[in-house]
Amino acid sequence: MIDLRSDTVTRPTPAMKEAMWSASVGDDVYGEDPTVNALEQKVANMFGMEKALFCASGTMTNQLAIRVHCEPGSDVICEKDSHIYLYEGGGVMVNAQASVRLLTGDKGRLNAGQIAETISPENDIHNTYTRLVSLENTMNKGGGSYYDFDEILKIQKVCNERRVALHLDGARLFNAIVETNTPLKDYGQAFDSISICLSKGLGCPVGSLLLGTEAFIHKALRFRKMMGGGWRQAGMLAAAGIYALDHHVERLKDDHRRALALAELFSRQPEVSYIYPVQTNIVILKLQDGLDAQAYVDSLAKRGVLAIDFGKNLVRLVTHLDFSDDQLNWLSDQL
C-alpha cells in the first residue's frame with residue numbers, strides 16, 4: 001500500500017535511528033536531558049528567539065501558546081478551517097477558557113484588513129477581548145497554501161498597534177520556507193510565539209517545539225506539566241529532531257515536486273472536477289457533484305493507495321519522506 005493519508009505516517013530512516021540510539025539522555029523534568037536541551041537551543045537559535053520548549057505534539061504546543069497568551073473571557077482570531085479550531089478537541093475553550101472569532105480566508109490565509117476589523121473593542125464590556133491572532137502556515141485545509149511574508153508583516157503591524165499577540169501554527173512551516181526562502185529569523189521577529197512540528201515533513205517519530213521569550217516559555221513549561229506533558233529521558237526523540245533539522249529540510253522540495261505530479265495524475269481522472277492549487281506537499285481533490293468522498297477513498301484503497309476523506313466531496317493526499325519516485329511511477333501506471 002502507498003500511504004498518502006498524511007506526512008505523519010513516515011518512519012525514521014536508518015540514519016535517524018542511529019542518531020536516536022546513540023543519544024545522551026537525562027531527566028528532562030529536571031532540565032537534565034542534554035539532547036533535549038541541545039534541540040531546544042538549536043531551534044531557538046535558528047529562529048533568533050530566546051527559548052524553545054520540546055513537546056509531544058503540535059496540538060500541545062499550540063494549546064500551550066493559547067493558554068499563555070489568553071485568559072478566561074478573551075478570544076482568539078483564527079481562520080474558520082484552522083487546525084487550532086477544527087482539530088484540537090476544543091482546546092481553546094477547554095484549556096484557556098477563551099472564545100474564537102472565525103474568519104474566512106483565501107485558501108485559509110487571512111489578511112491584515114480582516115484582522116483589524118475583527119479585533120474586539122478594548123473597552124466594550126459586552127464583548128470578549130481579543131488577546132491573540134493565530135495564523136497557520138502552511139494551511140492544511142487550504143491545500144498546503146502558504147503566506148506571502150509581506151502580508152504577515154502587515155498583520156504583525158496591526159497586532160502591535162492593537163496590543164494583541166501573534167502566534168504561528170507552523171506545523172508545516174519548513175514546507176513554506178523551502179518554497180519562499182524567507183529567513184527563519186524573519187519569522188522569529190514577526191511572531192510572539194511559534195509552533196513547529198518535527199513529525200510531519202521532517203520525518204521524526206514524535207515531537208513539536210514551541211518558541212518564544214524566556215518568560216513566555218517559563219509559563220508554558222508550567223502549563224505543560226499541568227497537561228501531563230513533562231517527560232523524562234526524551235533525548236532519543238530530541239536526537240531525531242536534531243537529525244531531521246540537519247538533513248531533512250531541503251529534501252522537502254522533492255515532496256512538493258511529487259505532489260505536483262500527483263495532481264497532474266488525478267486531474268485526468270473523470271471523478272475529479274477540481275484540484276486545489278498545489279503549493280507544497282498537500283493535494284486536495286474535489287470530486288464531481290454527487291460523488292461520495294469516502295466511497296472514492298475506498299476505491300483508491302482497493303487500487304493500493306491510502307487517502308483520507310477531507311469533507312464534502314473532498315479527498316486529501318499528502319506526499320512525504322516515505323513516498324518515492326518509484327511509487328509515483330507505479331501509481332501513474334495504476335490510474
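Is Asn181 buried or exposed in this model? Asn181 is exposed, because its relative accessibility is 61%. The cut-offs, with a 1.4 Å probe and protein chains only, are these: buried is under 20% relative accessible area, exposed is over 50%, and partly exposed lies in between.

Some ground rules. This is a predicted model, where local features need pLDDT of at least 70, side-chain atom pairs count only at pLDDT 80 or more, and totals for chains, interfaces and linings use all residues. Residues are numbered from 1 along each chain as its sequence is written, and side-chain values use heavy atoms, with hydrogens and water left out.

Back to Asn181. Asn181 sits in the loop between H8 and H9. Helices here are DSSP runs of H or I with at least four residues, strands are runs of E with at least two, and both are numbered from the N terminus. The phi of Asn181 is positive, near 60°, in a residue other than glycine.

Now compare Asn313. Its phi is also positive, near 45°. Asn313 lies in the loop between strand S12 (308-309) and strand S13 (314-318). Asn313 counts as buried, because its relative accessibility is 13%.

One more backbone point. The peptide bond between Asn137 and Thr138 is cis, with omega about 0°. Thr138 belongs to the loop between strand S5 (129-136) and helix H7 (149-162).

Look at both ends. At the start, a side-chain oxygen of Asp33 comes within 3.0 Å of the backbone nitrogen of Thr35. Just after H2, Gly48 has a positive phi of about 65°.

Which residues of H2 are buried? They are Thr35, Val36, Leu39, Glu40, Val43, Ala44 and Phe47. An α-helix has 3.6 residues a turn, so residues three or four places apart point the same way. The buried residues of H2 pack against several elements, including strand S2 (51-55), helix H8 (173-180) and helix H11 (235-247). Contact here means heavy atoms within 4.5 Å.

Lys185 comes next. Lys185 is in helix H9. Lys185 is partly exposed, because its relative accessible area is 46%. Leaving out residues up to four places away in sequence, Lys185 touches Asn45, Met46, Phe47 and Gly48.

Now a buried polar residue: His167. His167 is in strand S6 (residues 165-170). His167 is buried, at 0% relative accessible area. Its side chain makes a polar contact of 3.0 Å with the side chain of Asn62. A polar contact is a pair of N or O atoms within 3.5 Å; within protein, one must be able to donate a hydrogen and the other to accept it, and residues adjacent in sequence count only if both atoms are side-chain atoms. Beyond four places in sequence, His167 touches Asn62, Ala65, Leu132 and Phe191, among others.

Last, the surface. Helix H4 (83-86) and helix H5 (91-95) each supply at least two residues of a nonpolar patch. Met93 is in H5. Met93 is partly exposed, because its relative accessibility is 39%.
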